[in-house]
Amino acid sequence: MKMMKPLSSSLHQGFFLSFFKILSLKVKPIWIELGYFMILSLLGYLGLSVTKAKTLPSFRPKNLDVFFTSVSAATVSSMSTIEMEVFSDTQLVFMILLMFLGGEAFTSFLGLQLIKSKIVRKESALQNKADSFSIGRDSDLSNSISNNNIHHLDLGNLDSSIKLEPEIKNSIDDSEAIFIKLKCIRLLSYVVLGYILVVLLLGSSLVSIYINFIPSANQILKKKGLNLHIFPLFTTVSTFSNCGFAPTNENMMIFKKNSGLLLILIPQILLGNTLYPPCLRLTIWFLWKITKREEFKHILKDSERLGYSQLFPSCETISLAITVVGFIFVQFIVFCSLEWYSQATSGLSAYEKLLGSLFEVVNTRHAGESVFDLSTLTPAILIMFVFMMQVSITLDFFFAS
């Protein structure tokens, strides 16, 4: 009985390793990604369909609308044909899972698992090659000794066996390099997963504390019948994954006077999107300084060789961070200049206007959440938002390539 646990664990590990190995061998990345999101969307649709909506029996969402919402949550598109307050607490939990599993940070973590499986396969191939060279050399030497006495060895066979040694040495060197890379990828996987979980846990905790201690936010949720425990997690996951969903019909507009809540959410928007690579690199650097592990140092120096698209070299990382902050600053100045006394910001204090404006411009290139009615904004601001959204796509393509 004592042997059952290790056997079960090894079987599970072997299954997942074989699964990723099959994917990496026979399926192109684009089809893996497409299949992943299709399966995720279908499972989300089934989950949302079997659970009851909050508005039953007076209103039942159509199957097409439910499927559309599932696809939107899985692909973090934040598009819905149903008002969000229609969904029950159970359905909101399913949407949390969809947004988490479809977020860019988590899908990049899955990409690391595919990279790891390819490295394991390559390491195994090199090991087999080195073993075959060693067996061939030993076989040649044995034949020479068996066919000739000890004083008359077949020098031709002996020379051929000696010529194999550089190839064996090269295979060993390659195997060592791959082994180091494998260790780095494994460590990087733990760091990425830890980064995601820490940000989500910290973010949802801060939102929960704010809601419980600020009466105005608490009353809004109670008035709408929203669960005080589900709302923080839903909002945090949606914001971090840059989906833009909110469990209220008005999105974040109903919280435009809750500047503290907006201040909590602004970093999460950036940590899950354009500032994810700089923050990840900073996290690795910090862990290296604390632990002094060589793997962290290798990850920082040879980030390009690892094949992880979200980890850039130091110069590109700094350029990305400066670009993100620069665009936000420019948008913030323009928005405050044109909308300070507009209809959109009327009734807000100076502090609320500042935080609301910052939250709005940060969301322009990221999550798409809004605290202002976009239809009331001046045409110049809308044009600036259009330009910034186009720039965002261009920059993402530039840094990814």
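A salt bridge is taken here as a side-chain nitrogen of Lys or Arg within 4 Å of a carboxyl oxygen of Asp or Glu. The legends below describe a predicted model, and four salt bridges are counted in it by this rule.

**Figure 1. Glutamate 295 and lysine 183 are joined by a salt bridge.** The side chains of the two residues meet with an N to O distance of 3.1 Å. Because glutamate 295 belongs to helix α11 (residues 294-301) and lysine 183 to helix α6 (residues 155-213), the pair ties together parts of the chain that are 112 residues apart in sequence. Glutamate 295 is buried, with a relative accessible area of 12%, whereas lysine 183 counts as partly exposed at 34%.

**Figure 2. Glu85, Lys224 and Glu250 form a network of salt bridges.** Glutamate 85 pairs with lysine 224, the closest N and O atoms lying 2.7 Å apart. This pair links distant parts of the chain, since glutamate 85 is in the loop between α3 (63-74) and α4 (89-102) and lysine 224 is in helix α7, 139 residues apart. The side chain of lysine 224 also meets that of glutamate 250 in a salt bridge, at 3.0 Å from N to O. Glutamate 250 lies in the loop between α8 and α9, so its pairing with lysine 224 of helix α7 ties together parts that are 26 residues apart in sequence. Glutamate 85 counts as buried at 18% relative accessibility, and lysine 224 is buried with a relative accessible area of 18%, while glutamate 250 is partly exposed at 29%.

**Figure 3. Leucine 221 is a buried residue of helix α7.** The helix spans residues 215-224, and leucine 221 has a relative accessibility of 0%, which is under the 20% limit and therefore counts as buried. Leaving aside neighbours within four places in sequence, leucine 221 is in contact with Ile211, Leu226, Leu228, Phe231 and Phe255. Proline 247 is 26 residues away from leucine 221 in sequence, and their C-alpha atoms are 9.6 Å apart in space.

**Figure 4. Asparagine 242 is placed in the loop between α8 (230-240) and α9 (259-271).** With a relative accessibility of 7%, asparagine 242 counts as buried. Its side chain reaches the backbone oxygen of isoleucine 269 at 3.2 Å. When residues up to four places away in sequence are not counted, asparagine 242 touches Val76, Ile269, Gly272, Asn273, His366 and Ala367.

**Figure 5. Aromatic rings pair in the model, and eight such pairs are counted.** The ring centres of tyrosine 36 and phenylalanine 37 are 5.4 Å apart and their planes stand at 80°, so this pair is edge-to-face. Tyrosine 36 is partly exposed, with a relative accessible area of 24%, whereas phenylalanine 37 counts as buried at 17%. Elsewhere, ring pairs link Phe100, Phe106 and Phe109 into a cluster.

**Figure 6. Ile30, Trp31, Leu34 and Met38 make a nonpolar surface patch.** The patch covers about 460 Å². One of its residues, isoleucine 30, is placed in helix α2 (residues 29-50) and is exposed, with a relative accessible area of 58%.

**Figure 7. The protein chain as a whole holds 15 helices and zero strands.** Of its 401 residues, 43% count as buried. The accessible surface comes to about 21900 Å², of which 67% belongs to carbon and sulfur atoms. Among contacts with a separation of 6 or more, 76% are accounted for by residues 24 or more positions apart.

Technical notes
Residues are numbered from 1 along each chain as its sequence is written. This is a predicted model: local features need pLDDT of at least 70, side-chain atom pairs count only at pLDDT 80 or more; totals for chains, interfaces and linings use all residues. Side-chain values use heavy atoms; hydrogens and water are left out. Helices (H or I, at least four residues) and strands (E, at least two) are DSSP runs, numbered from the N terminus. Buried means under 20% relative accessible area, exposed over 50%, partly exposed in between (1.4 Å probe, protein chains only). A polar contact is a pair of N or O atoms within 3.5 Å; within protein, one must be able to donate a hydrogen and the other to accept it, and residues adjacent in sequence count only if both atoms are side-chain atoms. Contact means heavy atoms within 4.5 Å. Rings of Phe, Tyr and Trp (its six-membered ring) pair if their centres lie within 6.5 Å; planes under 30 degrees apart count as stacked, over 60 as edge-to-face and the rest as tilted. Patches are made of residues with over 30% relative accessible area and no salt bridge: like charges are joined within 9 Å, nonpolar side chains (Val, Leu, Ile, Met, Phe, Trp, Tyr) within 5 Å. Accessible areas come from the Shrake-Rupley method with a 1.4 Å probe; for residues, only the protein chains shown count as cover.
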